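User: I am new to this structure and would like to go through its ligand sites. Please take them in turn.

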Amino acid sequence: MEKNIIIPESVAIIMDGNGRWASLRNLPRIQGHREGVKAVRKAVEFSYNNGIKTLSLFAFSTENWRRPNDEVMFLMNLFKETIDREFDELIEKGIKIKFLSRRDELPDFVIQRIDRSEEKSKNNEKMNLLIALNYGGRYDIVQAVNKIVEKGVEKIDEEEFSEYLLTYPFKDPDLLIRTSGEMRISNFFLYQISYTELYFTEKLWPDFDENDFEEAIKVYSRRKRKFGSI
Ligand code: IPE
Ligand code: IPE
Ligand code: MG
């Protein structure tokens, strides 16, 4: 990569536009999801090769259960297949895998794979891959509050609060990318993005490649972050 580039330590991506990618080609939406997996592989490789320490990917939201059952079931099976096919290689490369998930709603066959991937990669340190699979920003905050209440903690500060979030102990994203042109957060990270740089691109997720990722980082590098200061 060229000069004057600042590699963000932590990047989060809302991977949106699979359905539209398929519809544009008169294909069923599920074909877009299949193609989306290839873009995931590229994004992970790009992050790994360029020294991005933490990559968080929004794969399924707590609201995505509202979709037709056959699409939801297809996605659950796709997560299973993808973990089975791809994750051993990622783990061998030294990637720590963490799922950010509301677990009670997920099928057992997904939970088993979540547990196995996390266990097998827990001592890895080269890169962190956080997969938000059945994640909601509001769920995250509320589950944190419930843990705090259960512990009987009476008072807490911002730093301590963040220790109860599903993302703990990982750093807040420096850059959040959303594909497909939608300019919203759709209940992804809420607490964690207070000073994250936001980047939106029209590219549909299956078309998002290394060049698009590099462009996002170039734009990020030109931003002046102030964190409330001057
Ligand atoms: C993102 O693509 C993938 C998931 C939400 C699982 P979409 O399926 O939302 O694609 P569009 O937004 O309908 O094009
Ligand atoms: C956000 O995309 C969720 C994921 C990318 C997993 P959606 O497609 O669900 O978001 P909305 O419905 O357009 O806001
Ligand atoms: Mg969408």
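**The two ligand sites**

Analyst: The residues around ligand 1 are Met 15, Asp 16, Gly 17, Asn 18, Gly 19, Arg 20, Arg 29, His 33, Ala 59, Asn 64, Arg 67 and Leu 75; a residue counts if one of its heavy atoms lies within 4 Å of the molecule. This is a predicted model, in which local features need pLDDT of at least 70, side-chain atom pairs count only at pLDDT 80 or more, and totals for chains, interfaces and linings use all residues. Residues are numbered from 1 along each chain as its sequence is written, chains are lettered from A and ligands numbered from 1 in the order in which they are written, and side-chain values use heavy atoms, with hydrogens and water left out.

User: Which helix gives the most to the shell around ligand 1?

Analyst: Helices are DSSP runs of H or I with at least four residues, and strands are runs of E with at least two, numbered from the N terminus. Two helices, H1 (18-24) and H2 (29-50), each supply at least two residues of this shell. The one that gives the most, with three residues, is H1.

User: How far is a polar side-chain atom of Asp 16 from an oxygen atom of ligand 1?

Analyst: A polar contact is a pair of N or O atoms within 3.5 Å; within protein, one must be able to donate a hydrogen and the other to accept it, and residues adjacent in sequence count only if both atoms are side-chain atoms. Gly 17 and Gly 19 take part through polar backbone atoms, with Gly 17 at 3.3 Å and Gly 19 at 2.9 Å from a ligand 1 oxygen atom. For the side chain of Asp 16, the distance is 2.8 Å.

User: How many residues of the shell around ligand 1 are charged?

Analyst: Ala, Val, Leu, Ile, Met, Phe, Trp, Tyr, Cys and Pro count as nonpolar, Asp, Glu, Lys and Arg as charged, and the others, Gly among them, as polar. The shell around ligand 1 has three nonpolar and five polar residues. The number of charged residues is four.

User: Which strand gives the most to the shell around ligand 2?

Analyst: Ligand 2 has Phe 58, Ala 59 and Phe 60 among the residues around it. The strand that gives the most, with three residues, spans residues 54-61 and is E2.
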